[in-house]
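Here are some brief notes to read alongside the structure.

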Amino acid sequence: MGQVLRREFIYLWYYFSVQLEQIIPYYILGIALGSAISVFGKGKIHAAFSRMGQRKLGILGLIPASLLGIASPLCMYGTIPLAASFSRQGVRDDYLAAFMMSSVLLNPQLFIYSAVLGQTALWIRFVACFLCGVAAGWLIRVFYKNKSFFNFEGFAEPMNRDVDPNPLARFLKNLWRNVKATGPWFLLGITLTALYQRYVPAEWVENLFGNNEGFGVLMAATIGVPMYMCGGGTIPLLQEWLWQGMSMGSAAAFMITGPATKITNLGAVKTVLGLRRFVIYLAFTMLFAMGFGLLIDGMGF
């Protein structure tokens, strides 16, 4: 019995160490970039959005709104108070929707993490998140043109924790907070991937997410809801699935529904939307994820 356990531990450690060696450079780069943007670039990004939101750019304003959402390093709980502040400054709800939607789905740190999935998956993720933000803003513009979609009552200005007068100290403190917040999920993701590699037959993934593309996209969009931990935590598992035959469309669907319906995000979203609009948000997320995933598979990626 002891020899069996020792052998299994050696196998698992091998899978764990291989995954760690492959992904750790992207994690370190992503952490460093995310902290640098948060400390030195966040204010400029948010100021640019505030200025843009008060100009009469029309529907074309959804494009920079979505792009600036991706560039913002904040999580959902930081984005909502910020959006409340923008709303009080007169920024339109459609621009806010584009900014918030794309910000939930992607940030600079997660973009760097996703590079380990390969160039194709990286840019598909970027395009998916950008278009999802634009689509959300367009729908708000069309169906809520003369009424408010969000309820930001009670949300105060976001707290800035990067206040140390020394720039290097600000960066290092932010970096440490970033590591504490994402490191455990990152290691958990690698551990789950090692267990998966050891005990789950590779053909299961191909049969579920690869061969039956329509069903695979639906399944990937669906399991993204309960399975998503944090961006860094799911990257190792997603990388393994792609290696084992998951279609790119299924991966795209998972990368949309996962962050958009992460449990910690849903509570914040429901607060500013209310029940009816919260259901609309969930339906939009699922339909966009499945539609985009089917489109990607149909284009042969």
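At what angle do helix H2 and helix H4 pack, and how far apart are their axes?

1. The model is predicted. In it, helix H2 (residues 62–71) packs against helix H4 (residues 93–105) at an angle of about 35°, and their axes are 7 Å apart. The crossing of H2 past H4 is right-handed.

2. On the H2 side, the contact is made by Leu 62, Ala 65, Ser 66, Leu 68, Gly 69 and Ile 70. H4 contributes Asp 94, Tyr 95, Ala 98, Phe 99, Ser 102 and Ser 103. By class, the residues of this contact between H2 and H4 divide into 7 nonpolar, 4 polar and 1 charged.

3. Asn 178 is found in helix H7, which spans residues 167–199. Is Asn 178 buried or exposed? Its relative accessible area is 13%, under the 20% cut-off, so Asn 178 counts as buried. Apart from neighbours within four places in sequence, Asn 178 is in contact with Ile 31, Gly 34, Ser 35, Gln 109 and Gly 183.

4. How many disulfides does a search of the whole structure find? The search returns 0. For Cys 129, the nearest cysteine sulfur is that of Cys 132, 7.3 Å away. A disulfide needs the two sulfur atoms within 2.5 Å, so Cys 129 is in no disulfide. Cys 132 is likewise in no disulfide, and the nearest cysteine sulfur to it is that of Cys 129.

5. Both of these cysteines are buried: Cys 129 has 1% relative accessibility, and Cys 132 has 0%.

How values were computed:
Residues numbered from 1 in each chain as written. Predicted model: local features only at pLDDT ≥ 70, side-chain atom pairs only at ≥ 80, totals over all residues. Heavy atoms only, no water. Axes fitted to C-alpha atoms, helices over the stretch in contact; angles between N-to-C directions. Helix = DSSP H or I, 4+ residues; strand = E, 2+ residues; numbered from the N terminus. Left-handed = near helix turned anticlockwise from the far one by under 90°. Contact = heavy atoms within 4.5 Å. Nonpolar A, V, L, I, M, F, W, Y, C, P; charged D, E, K, R; others polar. Buried < 20%, exposed > 50% of the residue type's maximum accessible area, 1.4 Å probe, protein only.
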